[in-house]
Amino acid sequence: MREVLAQAAFQLFLERGFERTTVDDIVARAGVGRRSFFRYFPSKEDVVFPDHERCLAEMTEFLAAVDDGDPVGAVCDAARIVLRMYAADPEFSVQRYRLTREVPGLRTYELSVVRRYEQTLAGHLRGRFGADGDGELRAEVIAASVVAAHNNGLRLWLRSGGAGDPEAAVDHALDLVRDVWERPAEPSPALEKQAEKQADESVSAGGITAGSGDNEVIVMVAAKGTPMWRVVQQIEAAVGES
């Protein structure tokens, strides 16, 4: 019945436009009563997205059963569930994409659906990274990155009219997310410069210090990643001073 109602609705949307189509028009075309429509769809907007509730439930179930060893990989795989839902019916997916581009209200509705996917991914990541401090921030940023990457690849395919393999573009985009978030964090150039400055200051303030007598010991403090030429230069300077 859900499929019958959705098909009837889209036929009318294409013929008359979304705004000029009523729920009464849809149930008349489908040959059912209004009660049947509202049993499956709370509103006319919901009939445009008949499969998202099922897809969201499948994503939630998948994440609940997934291995904890690779959280970033898990949320990327979860995003592919949405892709497969779109790819299962290319004609319908392309029609829906074009319709949502034309109707601002549907675009707003679609964004709320996307946000629910993002919150589901972020909730899973918070369970792995922790809900405090950088754990929560990391979860939110990674979830947003996964959704953005998935949608970029998906929309390339939809704009092409559903031609070709949708997984290729999405996989490429999600691989970029994994490259960024699965590798060890590296200090930014600004932080490296700050560390070098602090190292220089520690030298002048006694960061390189010497004992006394024949058993003199030199201790040098240097930031991780300091170029070797600078380390040698600082040691030579300290030895010369002592």
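The model is predicted, so local features need pLDDT of at least 70 and side-chain atom pairs count only at pLDDT 80 or more, while totals for chains, interfaces and linings use all residues. Residues are numbered from 1 along each chain as its sequence is written, and side-chain values use heavy atoms, with hydrogens and water left out.

**Helix pairs**

Start with H1 (residues 2-16) and H2 (residues 23-30), two helices whose axes come within 9 Å and cross at roughly 120°. That makes H1 oblique to H2. The crossing is right-handed. A few terms before going on: helices (H or I, at least four residues) are DSSP runs numbered from the N terminus. Axes are lines fitted to C-alpha atoms over the stretch in contact, with angles from 0 to 180 degrees between N-to-C directions. Angles under 35 degrees count as roughly parallel, over 145 as roughly antiparallel, 65 to 115 as roughly perpendicular and the rest as oblique. Right-handed says that the near helix is turned clockwise from the far one by less than a right angle, left-handed that it is turned anticlockwise.

Who touches whom here? On the H1 side you'll find Val4, Leu5, Ala8, Ala9, Gln11, Leu12, Phe13, Glu15 and Arg16, and they meet Asp25, Ile26, Arg29 and Ala30 in H2. Contact means heavy atoms within 4.5 Å. Sorted by class, the residues of this contact are eight nonpolar, one polar and four charged. In this scheme Ala, Val, Leu, Ile, Met, Phe, Trp, Tyr, Cys and Pro are nonpolar, Asp, Glu, Lys and Arg are charged, and the others, Gly among them, are polar.

The other pair is H5 (residues 71-87) and H6, with axes that come within 7 Å and cross at roughly 100°. H5 and H6 are therefore roughly perpendicular to each other. Met85, Tyr86 and Ala87 of H5 meet Pro90, Ser93 and Arg96 of H6. That contact has four nonpolar, one polar and one charged residues.

Grid points are joined across faces, edges and corners, and a volume is the space filled by probe spheres set on the points.

| Space | Volume | Lining |
|---|---|---|
| Largest pocket | about 450 Å³ | 18 residues |
| Second largest pocket | about 200 Å³ | 15 residues |
| Largest cavity | about 230 Å³ | 20 residues |

In the largest pocket, Glu3, Ala6, Pro50, Asp89 and Phe92 lie nearest the centre. H1 and H6 (90-102) are the elements that give two or more residues to its lining, and H1 gives the most, with seven. By class, that lining has seven nonpolar, four polar and seven charged residues.

For the second largest pocket, the residues nearest the centre are Asp46, Phe49, Glu53, Tyr109 and Arg116. Here H4 (52-65) and H7 (104-129) each give two or more lining residues, and the largest share, five residues, comes from H7. The lining divides into nine nonpolar, two polar and four charged residues.

As for cavities, the count comes to one of 30 Å³ or more. Tyr86, Val114, His150, Asn151 and Leu154 lie nearest the centre of the largest cavity. H8 gives the largest share of its lining, six residues, and the lining has 12 nonpolar, four polar and four charged residues.

How values were computed. On a 1 Å grid over the protein atoms alone, a cavity is a set of points where a 1.4 Å probe fits but cannot get out, and a pocket is an open set with protein on both sides within 12 Å along at least five of seven lines; lining residues have an atom within 4 Å of a point.
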